[in-house]
Each structure stands twice: as structure tokens, then as C-alpha cells.
Amino acid sequence: MSATFPPTLFAGHHYGVAGLGRNGNAAVAALLAMGASVQAWDDRAEARAALAAHPRLKVAPFANMLGLAGLVLSPGIPHHLPSPHPLATMAKDAGVPILSDAELLFRAVRAAGSRARFAGITGTNGKSTTTVLLAHMLACGGIPVAAGGNLGPAALSLALLPDDGVYVLEMSSYMLERLERLHFDAACLLNLTPDHLDRHGDMAGYTRAKMHVFDHQGPGDLAVLGATLPDYASLNRLLAPTRATVACISGADIAQCDFYCTPHALCDRHGVIADLAHVPDLPGTHNRENAAAATAMALHLGLPRAAVEGALRSFSALDHRQKTVGSVEGIRFINDSKATNADATARALACHERMVWIAGGTAKAGGIEPLAPLFGRVALALLIGRDAPVLARTLAQHDVPCRIVGTLERAVPEAREAARALGVNTVMLSPACASFDQFSGFEARGARFAELVHALAAGPEGTAAQ
């Protein structure tokens, strides 16, 4: 059973919260509920106005950081590269730690006397699916669980769990750079491809940030590493001093891995754990990698081996991650809006032999050139967003048919007509780009895609996915 945190847990502590988005608002509410006093600020007047008045809350710009036990800085506000925000500099000069809300959750859980365990999941791609899958598996085994962090509920909005509970936290590189004490009993680094390099300088800096998920581990803990990680052997050696158990995982049949997948089964060194023939919502090698990672952690955290297959079968795919949202005249429409970089889209393209592909938005470094080996699967690309011309040039160089359509409102009906004309039964939104040129985030982009598909599917020839 979950519970609320004691109302005097942080009494006498004063915290700063800068940036009042999803994480910041949750941090303010939780810290006040635990007895702390809080100074909060956001440059946006509407964000400040959304805060409810409270006698221990001061909404004002920070003139200094005197007396603060810590500063919760929005993940989107840099404290180092490309240049530190003035508030970050002010905090460092005053010796005030800049903390992730996940760090404060850990401190609150321990201060409340709970020995609940923590599982941390990171990687460039797949961490959201793995987080939700692990939470689902633990819940299927009757283990009290709360999931959040970078995905879903902010860490500090999660309830207090009992000693046998598990917090499953998706950890971004931004969050991992702002930890001091948080100890993950099970931690996972799935994969690494170039991303957020403006915040980390280069791949070495990005890798260092991600490796913080293993900080404070020791004997009895589990460290999970994806077999596709660049320089896997070196990362493995870095973990040797912790004396944590290291498990290698793969979505393919790699003999030296501790958890791996054959074409039909999830296995470990002891044999088959689960038949994958009836697990429709985890398609492709990348999702099998997620399943292998979640299984490794679930078994370590107490899920019986016999319960794994049932948990995998009952799992439902996340929204915006290769989720079928409708069907029109036998043409399946797939929402993979979460694919904001080429590596994520590569995983989706590899799952389908032939498709009409909707892509575009704000391109990441390298664009879609890394997808060239998969372009043969694309019958037609329909391009949206700011960098559609950039993507069109790449596709033209590889003789891939494409059209710039600009918006999802044009792309969805044109995709239906093109699929019908070309004899293709799959239309997939997998943008390989960020969404902020046209949407508030990938969720809004995916939701709009689903709305447009449902409008098409409302006719007599279509059926909306439930």
C-alpha cells in the first residue's frame, strides 16, 4: 500500500525551484506538503499564476541563494553546457547543490523510514517502454510499484511506498547530472547514440552523464548494459569497482549475453524464460532489448521467473511508440511520434517491410542520413515541419520517392491515398525529428495524428483502434 509522506519531513528546510513546468510544479507541491519552505520562479507570468498561494511559498526572482538546502532547476535549464544559466552560476557560487527531483524523492523516502528500492532506466532510446514494462511486470507479481521521472508523473509526485515497494524511474541525462545520493538497486543503460550533444559537449560527455545511473551501486545491486553500447567492454570495466552484478542484455541472439532473444523466445543462461510468439505489443529487436532489460531487473527485484511470460503477454504498447491508432480500408496507421531522432526511427522502420512514411519536424544533428540502409522499405515519404526540405534532399540523393506536404493535416489523407495506390498496408508516423516547430511536444504531435486518423476511420471503410 502506498501512503503520503509525513507533513513535517522537510520542516526547517528551504528550497528553491526554478522553472515551473511539470517537474517544477510537482516539486513545489511536494516540498510544501512535506513541510519545507519554497521560493519559486519562472519567467513566464502564466506559469507563476498557476501556483496556489501558500504561507511557506514565496514566488519571486532569486536575488541570491542564501539559506537554500538545494535548487531544483528545470531539466531544460542548463547548468553547464552550452553555457550555465545565471541561476546555476549563482547556486554554484553560493555552494547550493543543483538537484534533480528524483534525488529529492530518494531523500524523502529514506527520511520517511521506507526501505523501498529504486530502479533507474536510461539510454538514448527505449527507456520509456522499458520503464513502463518493468513497472507492469512488478505489478503483475504483486510488488508495490510507482513509476515516473522523465516519463509520466514527476518523481516528486509519487506516493510513499512500503519497504517491499519499488520506484521505477526513467532518467534523462539531464536528471542524472543532478544526483548526489540516489542509489539504484537495479540500474540500466540500454543504448547510446548521439543526442543532446549541445548539453554534454560530445559523446564522451553524454556517456559520462548516462553512466551516473550506476553511481553508488555496490554488492547486491544489478547493473544492466545493452550489448550494442559503443565500447561495451570499457563501460563494463568502469563498473568493476562497484562489485555490482553486471548483466549484458540484447534483443538478438547473442550467446555471450546474460539475457537475449531468439526469433521466438526470451532467454537467459538457464534457458527459455518466455515464449514471445504471443507478445504483439513488443515488435522488433529494439523492443525485445527492452523486454530483456526489464526482465533482468524484474527478476533481480523479486518477480518469480514463472510470472515473466504472463506479464509480457498482458503488456500494452505505450502511446506514441509504434502504437496502431486506426485502420482504413485495411491500411494500418501507426503512431511512432516518440521517435525524435534517426536511431529511434530506424528501430521502427526495421519492423515493417513496406510503408508510407510520414517524417519531419526539427532535424537533429546528422538528419536522416543514418537511415539510408532502410530506405528501401519506404514506398513514399511525406514530409512535414520546418526541416522537410533538408530531409527531402537526403531522400532525393537516395532515389526515395517523397513529397513535402508541410502539415499532418495534409499528410494523413495523402498517406491514405498513396497507400491505396501503391498497394501498401502500413502508414507510419515516425518523424526522426523533434516536434517543437509545430507542436508543444511529441505527445501533442502523436495525439493530432491519432485524431486525424480517427476522422478518416469514422467512415464506413475504417475502424479506429481501441
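In the predicted model, Asn 125 lies in the loop between β6 (117-122) and α5 (127-140), where helices (H or I, at least four residues) and strands (E, at least two) are DSSP runs numbered from the N terminus. Residues are numbered from 1 along each chain as its sequence is written. Because the model is predicted, local features need pLDDT of at least 70 and side-chain atom pairs count only at pLDDT 80 or more, whereas totals for chains, interfaces and linings use all residues, and side-chain values use heavy atoms, with hydrogens and water left out.

Asn 125 counts as buried because its relative accessibility is 9%, buried being under 20% relative accessible area, exposed over 50% and partly exposed in between (1.4 Å probe, protein chains only). Leaving aside neighbours within four places in sequence, Asn 125 is in contact (heavy atoms within 4.5 Å) with Leu 190, Asn 191, Thr 193, Asn 341, Asp 343, Ala 344 and Arg 347. Lys 127, found in helix α5, likewise counts as buried, at 9% relative accessibility. Residues up to four places away in sequence not being counted, Lys 127 touches Ile 121, Thr 122, Asn 150, Glu 170, Met 171, Leu 190 and Lys 210. A polar atom of the Lys 127 side chain also lies 3.0 Å from the backbone oxygen of Gly 123.

The unreviewed UniProt entry places the feature "binding site" at Gly 123, Thr 124, Asn 125, Gly 126, Lys 127, Ser 128 and Thr 129; UniProt positions are given in the numbering used here, feature names are shortened, and annotations may be inferred rather than shown by experiment. Of these residues, Asn 125, Gly 126, Lys 127, Ser 128 and Thr 129 are included in the lining of the second largest pocket. On a 1 Å grid over the protein atoms alone, a pocket is an open set of points with protein on both sides within 12 Å along at least five of seven lines, a cavity is a set where a 1.4 Å probe fits but cannot get out, and lining residues have an atom within 4 Å of a point.

Strand β6 runs parallel to β9, to which four bridges join it, two strands being paired if DSSP finds at least two bridges between them. The bridge partner of Ile 121 in β9 is Cys 188, and Cys 188 also stands opposite Val 224 in β10. Strand β9 pairs with β10 (residues 222-226) in the parallel sense over four bridges. From β9 (residues 186-189), Ala 186 and Cys 188 point one way and Ala 187 and Leu 189 the other, and all are buried.

Key. A polar contact is a pair of N or O atoms within 3.5 Å; within protein, one must be able to donate a hydrogen and the other to accept it, and residues adjacent in sequence count only if both atoms are side-chain atoms.
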